[in-house]
Amino acid sequence: MRAGVVGAGVFGGYHAGKYAGDERTEFIGVFDPVRDRARAISRQYGAIAFTSLNAMIEEADIITVASPALFHHDAAHRALSAGRHVLVEKPICATVEEGRELLDLAEKFGRVLQVGHQERFVFAAMGLFGDLPLARTLSARRMGTPSPRNLDVSVTLDLMIHDIDLVLALAGSVPSRIEAQMRAERGGLADHVVTRLEFPSGLAAELESSRVAPERDRVMTIGFEGGAVLDVDFVRKRFENGAGLALNPDFAEAPMAKDSLGASVQNFVSRVLDPAHASPAADGRAGLQALETAMAIDAAAGSLSRM
């Protein structure tokens, strides 16, 4: 299958490399309004720096959208409307209405719409989507250091949305109650958010994310029915499983944990080739639920979600 990438930033380059290295796909090129960046990636893989998004869509079978969140809807909408399968990086879109439009288009044309919530593959490698007791409590801290990237959206859409997606996947539903507080240090959008989510199942989750922290830190603690507690360190890729839950202690060596983005791209290709392919990936509906929850958290905290 012929694969094209929208966006020649860091993640666009990663996706291009994954397509170039998959024998099932031919990486045909990249589109980015910043032509020099598009040329650099295209030269690296012997592909084309397209001057038109529509021209690339016309030549491709599958498309990755790795542009800034504000442009996800336009590119994915064009691709789906042309009958192409789409992998869009998180968040699915910048507004809930835009996300619903993409979901409707994917269903209308029978196309795969996958959202790049890569941490799901780390969860899957650990065994957290297996036959385990019900999760009753969850706390997660995802802290990042200052960066000029993604300042057009809140930290909720930038970083916390990873943990939002994971807790929604564990809960199997959206939260019934949301409380949140935020701090903005570099403008009107939240740079540090703390939230509590309560779910119909009884699960209570407390999430904290910052992009102005002094050091990087990404940890999660899950309490299960029966008293088992799991402590996960996503940076070091290890966990403490004192209760002996049926998990994989060597998950860090699993390919999908070593390279979760690569696992996401490979999974997308597999789903396109075989619609019955079982996977832990976030589909369009899951991506939309994560977006809706993130925006509800921002609203509860008194922050806008985007510029």
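A pocket is found on a 1 Å grid over the protein atoms alone, as an open set of points with protein on both sides within 12 Å along at least five of seven lines, and its lining residues have an atom within 4 Å of a point. This is a predicted model, where local features need pLDDT of at least 70 and side-chain atom pairs count only at pLDDT 80 or more, while totals for chains, interfaces and linings use all residues. Residues are numbered from 1 along each chain as its sequence is written, and side-chain values use heavy atoms, leaving out hydrogens and water.

**Exercise 1.** Find which residues lie nearest the centre of the second largest pocket, and describe its lining.

*Solution.* 
- Step 1: The lining has 13 residues, and L132, P133, L134, A135 and L170 lie nearest the centre.
- Step 2: Helix 7 (residues 155-171) gives the most to this lining, with three residues. Helices here are DSSP runs of H or I with at least four residues, strands are runs of E with at least two, and both are numbered from the N terminus.
- Step 3: Sort the lining by type: 11 residues are nonpolar, two are polar and none is charged. Here Ala, Val, Leu, Ile, Met, Phe, Trp, Tyr, Cys and Pro count as nonpolar, Asp, Glu, Lys and Arg as charged, and the others, Gly among them, as polar.

**Exercise 2.** Describe how the rings of F11 and Y14 are arranged.

*Solution.* 
- Step 1: Rings of Phe, Tyr and Trp (its six-membered ring) pair if their centres lie within 6.5 Å; planes under 30 degrees apart are stacked, over 60 edge-to-face, and the rest tilted.
- Step 2: By this rule there are five aromatic pairs. One of them joins F11 and Y14, edge-to-face, at 5.7 Å centre to centre with 70° between the planes.
- Step 3: Both residues belong to helix 1 (residues 10-20), three residues apart, about one turn of the helix.

**Exercise 3.** Work out what the pair F123 and F234 ties together, and whether each residue is buried or exposed.

*Solution.* 
- Step 1: F123 and F234 are stacked, 6.3 Å centre to centre, with 15° between the planes.
- Step 2: F123 lies in helix 6 (residues 119-126) and F234 in the loop between strand 12 (229-233) and strand 13 (238-240), so the pair ties together parts 111 residues apart in sequence.
- Step 3: Buried means under 20% relative accessible area, exposed over 50%, and partly exposed in between (1.4 Å probe, protein chains only). F123 is buried at 0%, and F234 is buried at 9%.

Conventions. On a 1 Å grid over the protein atoms alone, a cavity is a set of points where a 1.4 Å probe fits but cannot get out, and a pocket is an open set with protein on both sides within 12 Å along at least five of seven lines; lining residues have an atom within 4 Å of a point.
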